[in-house]
Amino acid sequence: MGVPAFFRWLSRKYPSIIVHCVEEKGKECNGVRIPVDTTKPNPNEVEFDNLYLDMNGIIHPCTHPEDKPAPKNEDEMMVAIFEYIDRLFNIVRPRRVLYMAIDGVAPRAKMNQQRSRRFRASKEGVELVEEKQRMREEIIQRGGYLPPEEMKERFDSNCITPGTEFMDNLAQCLRYYVADRLSNDPGWKNVVVFLSDASVPGEGEHKIMDFIRRQRAQPNHDPNTHHCLCGADADLIMLGLATHEPNFTIIREEFKPNKPRPCALCNQLGHDIKDCQGTAREKQGEHDEFADTMPASEQEFIFIRLCVLREYLAKELTMASLPFPFDFERSIDDWVFMCFFVGNDFLPHLPSLEIREGAIDRLVNIYKDVVHKTGGYLTQNGYVNLERVEMIMQAVGVAEDNIFKKRKEDDEHFKRRNKEKRKRMKAEQQGPAYLTTGQFAPQALGGRHRPEPVHNARHQAYDMRMQGREQHNKDAAQSLKAMMRNGGNSSAGPSDSKDSRGMKRKAEDSDSEPEPEDNVRLWEEGWKQRYYKTKFDVDVSDEDFRRKVVQSYVEGLCWVLRYYYQGCASWKWYFPFHYAPFASDFKDIKEMFSDFEKDTKPFKPLEQLMGVFPAASGNFLPATWRNLMSSPDSSIIDFYPDDFAIDLNGKKYAWQGVALLPFVDERRLRSALADVYPDLTLEEVKRNSLGSDLLFLGKSHPLFDFIRELYRVETQEGTEIPAELCHGIQGTLNLDDDPILPDKPVKSPIPMLRDISQNYSVGVKFKDPQYADGFVFKAVLLSGAKIPSPVLKPGDWENRNREPWRPRLGFNPNRQQAHLDQSGFRALGHSMNRNRGGGGQYSNAPPPGNYHQGNYRPPHSGGHQPFQHSRQNSFQGAPPSFQPQFPRQQQQQQPYRGGGHGWDRAMQTQHSAYHQNANRERGGAGQGGGSGGGGGSGGSYQHHYNQSRDDWHDRRDNRGQHHQGYSSGRGYPAPPPSRRYNWN
Amino acid sequence: MRGMAGERSGEDIVSEYLDQNPQLSQWVDTFRGYCESNKQWCARREFILRNMEAFPTVKPGVPSSSSLDRLLSLSMVWTNHVFLGCSYPQAVMDKISEMGEGIVVQDPPVHKTTTAGVTAKGKWSAVAEGDADSCVKRAKCGANEVDSRPAGRTSTRPVSQKTGPLPQAPAEHQPFFNRLYKAVAWKLVSAGGFGPNLDHVEILRSCIESCKQTLTCVFVPLKDITGLPAGRTQKEGHVCEIRCQTVYMGTGYGRDEAAAKAMASKEALKVFQGRKVTVKICRRRYKGKDVEDLVLLDEQPRSQGFAPALSYPFQDEQLEDGSS
């Protein structure tokens, strides 16, 4: 979904939906990589049945990665894709189905967005080259140093579009990959693999949804299938909710905002191309040994648990005293629908609804207000009740005026604050120009060191003087070096980067970046008129035009919802404007929409290429087709501007703005193409045809012999899958023309990978189960579906239970907790103490990320054992409380923690949980020796700890056996040390 | 505004004409796009009607043909250009500006293509004065255009008009420099090859004159040049820039003007040491701004940028006023 902020908003509001993936890494032994055995239980303590890959989310980072060097050629890209899939397979370990879906030809509604992306990509590529060139000249003239320009062919990411040769090759390579893994990887041997390549129409994630929808509508479907969908788009969350499957998890790369990117000119981190100074590269490590390593670690994965999101939504949406019975499933559908107002790939979002401004919360509030009046839900099974939607829209419309005013206020407030912050930062950064050193160094008042008499003052002064001079010399040498590297040409003056005055002025200039002019001024009276005038170039009095826009938008809402719940209603429909109307314009919309045109057909792949590519990417098309994109005599030349305007539309960055591209006239496109169709080669005709999904499986799968038999008897008609052979999955099988067959070697399409001489897999065409025209897929929970155990703390927990609430952080509610025994703690404390030093044993500062990094003060008082510390202190009469003790324990646990992100949260929850325990003990049982009043000594603390731990052991033993497989004793990494302190 | 009267009459004529030909009116209305506003459609309709004769196979009532589609396509090119701010390859632009001549659109929306304002990374361009500049330019050009074309405003919107060399300029100048290349090559052969001890000024001058052109030199005292690196100590001397037929050839520095010219000529002759010379449009600094300039280049990739320009022959007076 075209809302980058959506995921961020969701994960902040509903933090528990995120679980960090535990990934078992392959080990290396004498240079040989030992693959991970994925037949073993999933280290995430959950078993997934089906893994779905939205392949475009994999292809893009593998072909033009942002955080590592780009692959050199297509073969390397393919291998990168294979490795990425392997990695996901290892994390998720699906037991039944692996579904790989590559984007095929998209519905027309999506094509406008694709078109805009591709035109932009092409334009940005050109502009980046230009800017690079310009900055380069400038920097070199100023005497900066830049590495020589590499003449590298830029990978045109536009080739990741159905119909290109690249996509065709990719499909071939994936077939090879699947055959190889099915034949050789034990983890794959019982998995059915579906491959839906770019020749099958539909967006990847929607092909996946179609598969799920069609499976769950047939009687053999297992209602408790655990689905895992891979992809970063926020709309996957919507799609997952729309399935109403109780076990649905999304896996994606961890979202890291503002990841540093190296400057495009000098490849150094820390600045933008705009601020490049062309200074010499800093050494990485003492001997530049880390020169080519990226500082960022490997991207980690997270799970998004939709069942937890459902719990959150249940809390938020449940309404009492409704005039009709409350149905949670339907309120979810309404929530999904309202999210579309805020943004989706097919419609521009309403000007008043901005996700960053809490638009969804606003909508939910309005929804709960209005639902009493509407007398029912907004949607059912993906069909919209427009009358009720109008009531919501009108309620938003009432607030519109205020929203715009508030937006302006916030914006100004934000700017002001930013400016002040920058000022402050600058003031902080400016330390004194010169500091005395050695015994003259300034010392804090009240420090431990008493001032000592000055020794040998003259010598010290001399040293300081010399030091200063040396620094000057170094600076001069530096600028001289830079000059010489640039060939000492006449234009390179001495470097002036050290000139502090010049620097400062520059910084000030960048403060006052010019603001985009905004003619609409939504916060001022008359905004509606100005909006329609500037954006649509019509008067507000032009009621007909306004209604046209509203009607198209209403159609759009219906189309999008239907798309998510029932599949593509019309391949032809699209929103024919660049901007959305206001919420207050949604009046009398009930009659605006009846139904979509039936039996529309998707474009052919090459037709779609003509529809989405700029002329600059014409090299992916046959010559005569390409000619249509540039010739003045072409009858579709108007589709291909070589430059276009971008309306920032109140935003700051070009990529947020609206690309003002003309729309494609389908009739003229088709008739122009009719003339050049005969020019296609056989190969191109093949690429242009619509293909079929494929199903692959290995020798030990129960369905294997069945398919083999189909090939033996050469059945010509489709054959249904016997449900009992394949976990209740249904569909029609057809023989493939060029099949992968057992014992038929598979040739490797990639030179660096070997052929599969011993092939044990079989492939066959697959078609989803078909349903009658007008069949409506029900958006309900299936009977027999078991809702997973709750993760969130019930609101009435305190009233019902005397036990404190234990936060549930992973998939397994009864997960095993890591623990150390006493000797472990001793060993740990011993070695940790040595490295860390006694930087305040009661310090509340969280431990640093790398515990061996020496940014702590060296020990003053020698190494102590942690437990002795507290004891010692208690001898001295300073009663240590439990609280300061706590961070120490945290520090000791550190080596066992799994991911980086969960740390803060885990710490908080543990902290409070710990407090609870401590308080309870203090007030209640009092069994713990001297633990009364203001807190016990360290010794008693330790005593406590042991005792309670024993309790905890007992408890664990009493638990059921079902999670035995996940115990850390079997060589899986220990799970993060959650809830360590909840022994009782 | 001057356009008012013209537009009235233009629109009136069209609607009168359509009133008299209801069939034609009905036919042409089938081409209206769903999302076209009245204003846009009126303009495009006029474009179609005015240019129908040029497409003889286009007749009212004939549903569709490839020549009709071509006309429709060009009409869309024209409206996309006027209303959305799109630009197209030069040949297409020339065609539509000719076809659109005389059609008046009252205050067309102003859109910026990315050349003015937003840069690749999406940041606002750091060159703040660029924006103000283009406004000035727009206004001036608009006025200019109206004056120079009494037939009425053309569709070509002023925004996309830049001062600077025309895109076809390199191609126009290239033949001359091919001749000059040969002349220089022969001259150097007779002088015993390129070297430091030649009279570079004389060689260059005689070659250019043998090709029936003249050399243009611009001299600027070094102290008058702003924007030099601050640490620069040298304050005396002169800088010389050599152009021929507005194409930049080289810059040189010397104690006096003659020495500067000699150095500049030497630099210019260096360009002729490659296998061929090419005229290209390149970006250079001029008076603290980036401008597009015509530059003579050899085929070697340049490791460094050009010296800032001392003169700029592609500038109209308005810009000079506006920027100074």
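Trainee: Axes are lines fitted to C-alpha atoms, for helices over the stretch in contact, and angles run from 0 to 180 degrees between N-to-C directions. At what angle do the axes of helix H10 and helix H11 of chain A cross?

Mentor: At roughly 135 degrees, and the axes come within 9 Å. H10(A) covers residues 359-374 and H11(A) residues 386-429. Helices (H or I, at least four residues) and strands (E, at least two) are DSSP runs, numbered from the N terminus.

Trainee: What am I looking at, and how is it numbered?

Mentor: A predicted model, where local features need pLDDT of at least 70 and side-chain atom pairs pLDDT 80 or more, while totals for chains, interfaces and linings use all residues. Residues count from 1 along each chain as written, chains are lettered from A and ligands numbered from 1 in written order, and side-chain values use heavy atoms, leaving out hydrogens and water.

Trainee: Back to H10(A) and H11(A). Which residues meet?

Mentor: In H10(A), Ile366(A), Tyr367(A) and Val370(A) are among them. H11(A) brings residues including Met391(A), Ile392(A) and Ala399(A). Contact means heavy atoms within 4.5 Å. By class, this one has 10 nonpolar, 1 polar and 3 charged residues. Ala, Val, Leu, Ile, Met, Phe, Trp, Tyr, Cys and Pro count as nonpolar, Asp, Glu, Lys and Arg as charged, and the others, Gly among them, as polar.

Trainee: New topic. Which strands form the open sheet in chain A?

Mentor: 11 strands, in the order S1-S9-S8-S7-S4-S5-S6-S14-S17-S16-S15, with mixed pairing. Two strands pair if DSSP finds at least two bridges between them. S1 (18-20) and S15 (719-720) of chain A stand at the edges with a single partner strand each, so one side of each lacks a neighbour in the sheet.

Trainee: How many bridges join S8 to S9 of chain A?

Mentor: 5, and the two strands run antiparallel. Ile251(A) has Phe303(A) in S9(A) as its bridge partner. Helix H8 (residues 306-317) of chain A packs on the sheet, touching S8 and S9. The direction of H8(A) makes about 45 degrees with that of S9(A).

Trainee: At what angle do H7(A) and H8(A) pack?

Mentor: About 80 degrees, with axes 10 Å apart. H7(A) is therefore roughly perpendicular to H8(A); that word covers 65 to 115 degrees, under 35 is roughly parallel, over 145 roughly antiparallel, and the rest oblique. Ile237(A), Gly240(A) and Leu241(A) of H7(A) make the contact with Leu306(A), Leu309(A), Arg310(A) and Leu313(A) of H8(A).

Trainee: What pLDDT does chain A average?

Mentor: 78, with 74% of the residues at 70 or above. pLDDT is the predictor's confidence in each residue, from 0 to 100. Residues 836-984 of chain A stay under 50. Where pLDDT is low, predicted coordinates should not be read in detail.

Trainee: And what does chain B average?

Mentor: 73, and 72% of its residues score at least 70. Residues 114-161 of chain B are below 50, with 90 contacts beyond near neighbours in sequence.
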